[in-house]
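Please look through the sequence and the model below before reading on. The report that follows takes up a helix, a pair of strands and a pocket in turn.

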Amino acid sequence: MIGSRLGPYEITSKLGEGGMGEVFRARDSRLQRDVALKILPAEVGADPERLERFRREAQAVAALNHPNIVTLHSFEEAAGVFFLTMELVEGSSLDALIPSGGIPLEAWLEIGAALADAVAAAHAKGIVHRDLKPANIMMGEIGERRQVKVLDFGLARMAETGQEATAPNAPTLLTREGVVMGTLPYMSPEQVRGAPLDERTDLFSL
């Protein structure tokens, strides 16, 4: 993929990968800026129902506007490949920065407050992340200020107890009933059991 193009985006390097797809750094030739591209697995693009659910959930996540949540720019398709374009965050994931003795309390309080604000903002929109973990938290710096960004809403879904969840077209991003998804050490007992979830599962992970 490195050096190839998807529409106006020239892929320059790989940033990572996970169950919901690979993430690349790319240059947007239209706006002359670097972005992050998350390329969806081929099986998602081949399943119209899952693709439509993903599109609807992407719309919900794109509506989030918070300084501690990575901004989702667009959901696009080029040459039969479906992908998300997102804000590119320079820095390292939190899991790579935790020292052997743990994070000092003062620093953790600062990080934890930012994470709590981000999670609360998502919950206010009816969105549950479901995969909060240090690998999904990017740490950067703006001048002398620490930057905290929650990313990868790839397992997110609308809360299953709110009005949205009872609607016939309630979005369920890349999830299916009875399928347990997440990262085991950070999953609430309800999530491990595959039970209905609400905002409290994120609080457990946090």
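## A helix and what follows

Just after helix H3, glycine 126 takes a positive phi of about 80°. The structure shown here is a predicted model, and every value in this report was computed from it.

Helix H3 itself covers residues 105–124, which makes 20 residues, and from its first C-alpha to its last it reaches 28 Å, close to the 28 Å expected at 1.5 Å a residue. Its buried residues are Ala107, Ile111, Gly112, Ala114, Leu115, Ala118, Val119, Ala122 and His123, where buried means under 20% relative accessible area.

## A hairpin of two strands

Strand S3, residues 21–28, and strand S4, residues 33–39, run antiparallel and are joined by seven bridges. Arginine 27 stands opposite aspartate 34, which belongs to S4. Between the two strands of this hairpin there are four residues, and glutamine 32 takes a positive phi near 55°.

## The largest pocket

Rolling a probe the size of a water molecule over the atoms shows where empty space is left. The largest pocket has a volume of about 640 Å³, and its lining is made up of 30 residues, of which Gly16, Val23, Ala135, Asn136 and Leu151 lie nearest its centre. The elements that give two or more residues to this lining are strand S2 (9–18), S3, S4 and strand S6 (81–87).

The largest share of the lining, four residues, comes from S2. Sorted by class, the lining of the largest pocket holds 13 nonpolar, nine polar and eight charged residues.

Terms used: Residues numbered from 1 in each chain as written. Predicted model: local features only at pLDDT ≥ 70, side-chain atom pairs only at ≥ 80, totals over all residues. Heavy atoms only, no water. Pairing = 2+ DSSP bridges. Expected span 1.5 Å × (residues − 1). Buried < 20%, exposed > 50% of the residue type's maximum accessible area, 1.4 Å probe, protein only. 1 Å grid on protein atoms, 1.4 Å probe; cavity = no way out; pocket = protein on both sides within 12 Å on 5 of 7 lines; lining within 4 Å. Points joined across faces, edges and corners; volume = space filled by probe spheres on them. Nonpolar A, V, L, I, M, F, W, Y, C, P; charged D, E, K, R; others polar.
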